[in-house]
Amino acid sequence: MKISLPQDSRLMSEHFIYGVATASFQIEGSAASRLPCIWDTFCATPGKIRDGSNGDSACEHIDRWQQDVELIAALGVDAYRLSVSWGRVLHRDGSINTQGAQFYIDLLDELKRRNIKAFVTLYHWDLPQHIEDKGGWLNRETPYLFRDYADKISRLFGDRVYSYATLNEPFCSSYLGYETGIHAPGLAKKAYGRQAAHHLLLAHGLAMQVLQNNSPHSLNGIVLNFTPCYPQSTDDADITAAKLADDYFNQWYIKPILDGAYPALLETLDSQDRPVILDGDMDIIARPLDFLGVNFYTRAVYRHCPQQGFEQVPPAAPKTDIGWEIYPQAFSELLIKLNDTYELPPIYITENGAAMADKCVDGRVDDPDRLAYYQSHLHAVHTAVEQGVNVKGYFAWSLMDNFEWAEGYLKRFGIVYVDYPSQTRTIKASGQAYRDLICSRSASSHHNNK
């Protein structure tokens with residue numbers, strides 16, 4: 001089985017960037033050589049992680065990074081998206097941890113040597129615990145600490161980075177971390193979720209200022225996740241419910257960045273649930289982006305509910321192993337709608353992929369369901385590009401199986417299989433198909449250029 005796209009697709013151009021993505025806490029391990037973060041604390045809280053596991057060793061990437069770069073290169077990708085662990089590169093007093101910083105510098109140098117573009121995310125959820133102890137994202141000081149971190153790291157990395165994203169999925173940090181408590185730090189209050197979201201967006205804007213200053217030649221932006229909201233029926237009440245959910249979960253994060261304002265929904269929140277917004281905040285948040293990263297996995301269907309205004313309906317089949325509906329059409333529709341709604345910068349699909357119940361048999365991992373997922377979702381991106389959406393690249397989530405947050409090690413998203421006891425890496429059938437697609441592209445584009 002293979003992944004194929006129309007030969008004349010923009011996705012088949014050698015200028016279209018293909019990559020794989022990971023995040024620090026999910027793969028690095030070597031927890032003893034960095035500061036504790038909110039996920040260490042969360043993992044140590046009974047009942048929070050489904051299999052009772054933690055990120056202490058994860059994929060042992062700190063120890064095996066050279067082997068992992070070999071693996072990335074073997075997949076033929078143009079780019080690698082990674083995140084930096086704040087608590088690995090800065091000490092408590094904000095000074096640079098030279099050992100931790102050197103790890104990333106060596107990694108970035110090796111990527112550069114192999115002509116693999118580094119897409120660096122500064123924050124992928126692993127807030128140092130000592131910052132959380134002072135209120136974390138509920139404390140207005142945290143965005144300024146983040147600006148300082150972004151400043152130091154972008155100076156340190158110099159010209160090694162092709163692209164910086166300030167944050168990965170502020171929805172997850174704020175809503176899942178502070179509003180529902182499913183993720184670290186496990187707080188659960190509506191007012192907390194909204195305030196954390198505002199401070200995360202403020203942190204993004206403050207960091208953009210220093211990135212544009214320190215690293216003017218890199219593409220600097222943010223990564224947002226979108227779960228498009230569909231009404232259960234053509235009933236007006238359900239349509240209104242889906243629109244409300246979309247404003248609450250999706251537009252809440254993109255509209256301030258691109259339009260300098262929250263959705264009108266803000267005015268309907270109880271006064272105690274509204275975030276404190278100071279004069280000038282929205283101007284900071286709305287600094288121009290060089291790119292927008294879009295993460296997409298699934299859609300959600302809503303119906304009217306008198307209490308909240310909306311209520312999610314259980315997802316329909318087919319579903320991935322994590323229980324998310326497979327509905328690629330929503331991916332095209334999302335991209336086209338965003339393009340119709342906003343003045344968008346260039347778009348990179350920074351995450352897309354599927355958890356499947358993989359088995360390694362005789363050194364092989366056949367994952368036809370994941371392969372089909374990639375096939376249909378790359379086609380969905382192609383459809384959006386045909387409709388005029390400026391998509392410049394696509395990253396498969398994820399490079400390898402890893403610590404999947406509240407699910408622990410139970411769910412496998414990788415295009416590379418990790419046998420955790422031995423740490424053996426095996427490229428899955430989907431990974432081979434992804435590699436073949438990427439390699440066929442350069443051959444076909446050379447052919448066209450003759």
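At what angle do the axes of helix H13 and helix H14 cross? In this predicted model, in which local features need pLDDT of at least 70, side-chain atom pairs count only at pLDDT 80 or more, and totals for chains, interfaces and linings use all residues, the two axes cross at roughly 30° and come within 8 Å. Residues are numbered from 1 along each chain as its sequence is written, and side-chain values use heavy atoms, with hydrogens and water left out.

Helix H13 covers residues 329–341 and helix H14 residues 368–386. Helices (H or I, at least four residues) and strands (E, at least two) are DSSP runs, numbered from the N terminus. The axes are lines fitted to C-alpha atoms, for helices over the stretch in contact, and the angles run from 0 to 180 degrees between N-to-C directions. H13 and H14 are therefore roughly parallel to each other; angles under 35 degrees count as roughly parallel, over 145 as roughly antiparallel, 65 to 115 as roughly perpendicular and the rest as oblique.

On the H13 side, the contact (heavy atoms within 4.5 Å) is made by Phe331, Ser332, Leu335 and Ile336, and on the H14 side by His377, Ala380, Val381, Thr383 and Ala384. By class, six of the residues in the contact of H13 with H14 are nonpolar, three are polar and none is charged. Here Ala, Val, Leu, Ile, Met, Phe, Trp, Tyr, Cys and Pro count as nonpolar, Asp, Glu, Lys and Arg as charged, and the others, Gly among them, as polar. Ser332, in helix H13, touches Ala380, Thr383 and Ala384 when residues up to four places away in sequence are not counted. Ser332 counts as buried because its relative accessibility is 9%; buried means under 20% relative accessible area, exposed over 50%, and partly exposed in between (1.4 Å probe, protein chains only).

Lys190, Arg194, Ala197, Leu201 and His204 in H9 meet Tyr248, Trp252, Tyr253, Pro256 and Ile257 in H10. The contact of H9 with H10 comprises seven nonpolar residues, one polar residue and two charged residues.

The aromatic residues come next. The whole structure holds 47 aromatic pairs, defined by rings of Phe, Tyr and Trp (its six-membered ring) whose centres lie within 6.5 Å; planes under 30 degrees apart count as stacked, over 60 as edge-to-face and the rest as tilted. Phe25 and Trp39 form a tilted pair, with 6.5 Å from centre to centre and 45° between the planes. This pair links distant parts of the chain, 14 residues apart: Phe25 belongs to helix H1 (residues 24–27) and Trp39 to helix H2 (residues 38–43). Both Phe25 and Trp39 are buried. The ring centres of Phe249 and Tyr302 are 6.4 Å apart and the planes lie at 25°, so this pair is stacked. Phe249 in helix H10 (residues 236–259) and Tyr302 in strand S8 (residues 300–303) are 53 residues apart, and both are buried. Phe249 and Tyr302 also belong to one aromatic cluster, together with Phe171, Tyr175, Tyr248, Trp252, Tyr253, Tyr262 and Phe310.

Arg64 has its place in helix H3 (residues 61–74) and is partly exposed, with a relative accessible area of 24%. Leaving aside neighbours within four places in sequence, Arg64 is in contact with Cys59, Ser422, Gln423 and Arg425. Arg64 and Glu28 are 36 residues apart in sequence, with 9.0 Å between their C-alpha atoms.

Some backbone features lie in loops. A cis peptide bond, with omega about 5°, joins Ala184 and Pro185; Pro185 is in the loop between helix H8 (170–179) and H9. Trp397 and Ser398 are likewise joined by a cis peptide bond, with omega about 0°, and Ser398 is found in the loop between strand S11 (391–397) and strand S12 (416–419). Trp125, a residue other than glycine, has a positive phi near 85°. Trp125 lies in the loop between strand S3 (117–123) and helix H6 (129–132) and counts as buried at 7% relative accessibility.
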